[in-house]
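User: I'd like to go through this structure with you. Can we start with the loops and then move on to the ligand and the helices?

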Amino acid sequence: MGILRTTLSKLNVMKRRITAAGLALAIVLQTNAQSPAVFTIQSDQVVADVQPTMWGIFFEDINLGADGGLYAELVKNRSFEFSAPLMGWKEQKADGATGSLLVQNRGEKNAANPRFLRAANKTGKGKYGFSNEGFRGMGIKQGETYDFSVIARQVDNQAVTLQIELRNPKGDVIGKGSVTPSGKDWQKAKTSFTANATEPKAQLYIWLEGAGAVDLDMISLFPRNTWKNRPGGLRADLVQLLADMKPGFLRFPGGCIVEGRDLANRYQWKKTIGNVEDCELIINRWNNEFAHRPTPDYFQSFGLGFFEYFQTAEDIGAEPLPILNCGMACQFNTSEVVPADQIDPYVQDALDLIEFANGGPETAWGKLRADLGHPAPFNLKIMGVGNEQWGEQYVERQQIFSKAIKDKYPNIKIVSSVGPFPEGEMFDYLSKEMKALNADIVDEHYYRNPEWFLQNATRYDKYDRKGPRIFAGEYAAQSVYTVSPENKNNWRCAIAEAAFMTGLERNADLIHMASYAPLFAHSEGWQWTPNLIWFDNLRSYGTPNYYVQKLFANNKGTKVLPVLYQNAVAAGQDGLYASSVFDQATNEIIVKVVNTTSAAKSTVMVLNGSKKPENTAKVTVLRSDNPEAMNSLDQPMLISPTEQTIQVTDKKINISLSPGSLSVLRVKVK
Ligand code: AHR
């Protein structure tokens, strides 16, 4: 990322100029008082299939996306394995109490989780203990149950009781319980309690009652109410937002996190499954990536690991799309590579992952999946080899992986990299190489200004159909410039993405998958902006960009239909963009139309062909008069879809398109 920052800073001035020019172009006042603009939908002419995977989700553990976000654990640094072992913890004492907190290291005896805390109350007098600050506090809800657990043992067979309290910032106790670890052997001890108040910034206090010492590890607090009420599970509100999108796929675990800043820091799926106390915690590569947003307390505990990713994908009806490290660390950071003749363990990880996902109970990895509670296969069909790699080293490694995977699992489709940018030398080189290698799918990334998205609505209209299929794997319009902390999830960006997505849909024969990136951001713990969904400890909301994604995914259809405007594809003439699909499951023609101008547009949608429409159509509109408008934690639905019904007469729908709007029309036909 060091190199990225330098390159980007050189580009930034230029980008700012382009963005400003783009703004002026994007919002063009176009009026036509005489006659409505005519869109013709050729309802008998299917031009392509829409893949079930078309609109999906990109998940990466960035912006406290996993720990402190989707993973509902409330205790930060629960196993004392952060670089500073007591980060997030604080000694507490009152009324003349004396005691000590000592971090001990078992080393090889427990290599994955070596440290634990020895806490001692010397005299038993007064109050002695310690507190945990959570992830920017702990979000606690009145009336909800919280499950506390700890792996503990008494030192010298003493009988120290742990008094557990949740406190608000004023010090009021808003929930409490107690637990007495039993005996001198490590055992899990648990207690549950109900909170009597709602508080976004609570802290957990643990008081030692009685003179003596206890050894403590994996100190944990979870809300009982998680997604599907799974113990130790995921934040229900966040998964619900994902499920509501009805996504075609879930890509995980990133992003650059797959690569790591160096190879030692890469994501290794085998280290993320099984008992969470046996998963080795590692630093999150976004921890100190950006000087403008340092996050020294950002680590990966892997409570959300590959098993949970597969399970979540299944829960929300999405194809799982894991991306694996291909023996290359992030080329923006270290460019460290494993020599090609030592790459076998990396390749083996990929083969074993397929067995883990799809193998029967007679296979080693399939058995492990069954033992973890999922005897049925996860039905993995697609996987990614490397994230944003480039250069000859990638071509060499892509071939090694492809050969090994296809030899053993010929039906698995492989997603390959074409680099971090949607044009330029790296992109041209890899696009050519991947075509020559007959790659299945290539992953294109576009972090560009809104004007780029408007101009690129036609990007794929004349693209090479003889090469690989395309995964628009990471995209988001940047209101300022890529990696600027000032980027906003505003309507100007969202509507540009909608216009661009009509181009993806029109070219669904080529574009098999697309996902906005990144997905999640904690409002107090983010590194990167813009993001699709923002949250704090209690609340979450979808950005206007989220509603664009949701509208496309919820109205995916199965077949692409041509839409003509002024005898051409509708891709920016008069500031209008459109695409259309037919949904065989519901017998509906679906039209998505984007009005990027600041004027209402009187239009008529003509449904050409033999299909006879019903008398009414449903229209869902997402709009704002203000290109700078955004949703927020306080106004989560400021820009959100509204529905209405309109008349269909003689196969025509007259509709006035609101200024700055995305409209989705659905009309049933016979
Ligand atoms: O989405 C944020 C980052 O952008 C991803 O980790 C990486 O793939 C891209 O550079």
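User: Where does Gly255 lie?
Analyst: Gly255 lies in the loop between β15 (249-252) and β16 (282-283). Strands here are DSSP runs of E with at least two residues, helices are runs of H or I with at least four, and both are numbered from the N terminus. This is a predicted model, in which local features need pLDDT of at least 70 and side-chain atom pairs count only at pLDDT 80 or more, while totals for chains, interfaces and linings use all residues. Residues are numbered from 1 along each chain as its sequence is written, and side-chain values use heavy atoms, with hydrogens and water left out.

User: What kind of peptide bond joins Gly254 and Gly255?
Analyst: A cis one, with omega about 10 degrees. Most peptide bonds are trans. The bond from Ala517 to Pro518 is also cis, with omega near -15 degrees. Pro518 is in the loop between β23 (511-516) and β24 (520-522).

User: Which residues are around the ligand?
Analyst: Glu60, Gly255, Cys256, Trp286, Asn387, Glu388, Tyr447, Glu474, Pro518 and Trp528. Ala, Val, Leu, Ile, Met, Phe, Trp, Tyr, Cys and Pro count as nonpolar, Asp, Glu, Lys and Arg as charged, and the others, Gly among them, as polar.

User: How far is Glu60 from the ligand's oxygen?
Analyst: A polar side-chain atom of Glu60 lies 2.5 Å from an oxygen atom of the ligand. For Glu388, an N or O atom in the side chain is 2.8 Å from a ligand oxygen. With Cys256 a polar backbone atom is involved, 2.8 Å from an oxygen of the ligand.

User: OK, helices. At what angle do α4 and α6 cross?
Analyst: Roughly 30 degrees, and the axes of α4 (residues 344-358) and α6 (residues 392-408) come within 10 Å. Axes are lines fitted to C-alpha atoms, for helices over the stretch in contact, and angles run from 0 to 180 degrees between N-to-C directions.

User: Which residues of α4 and α6 meet?
Analyst: Tyr346, Val347, Ala350, Leu351, Ile354 and Glu355 in α4 meet Ile400, Phe401, Ala404, Ile405 and Lys408 in α6, where contact means heavy atoms within 4.5 Å. They divide into nine nonpolar, no polar and two charged.

Terms used: Near = heavy atom within 4 Å. Polar contact = N/O pair within 3.5 Å; in protein donor to acceptor, adjacent residues only side chain to side chain.
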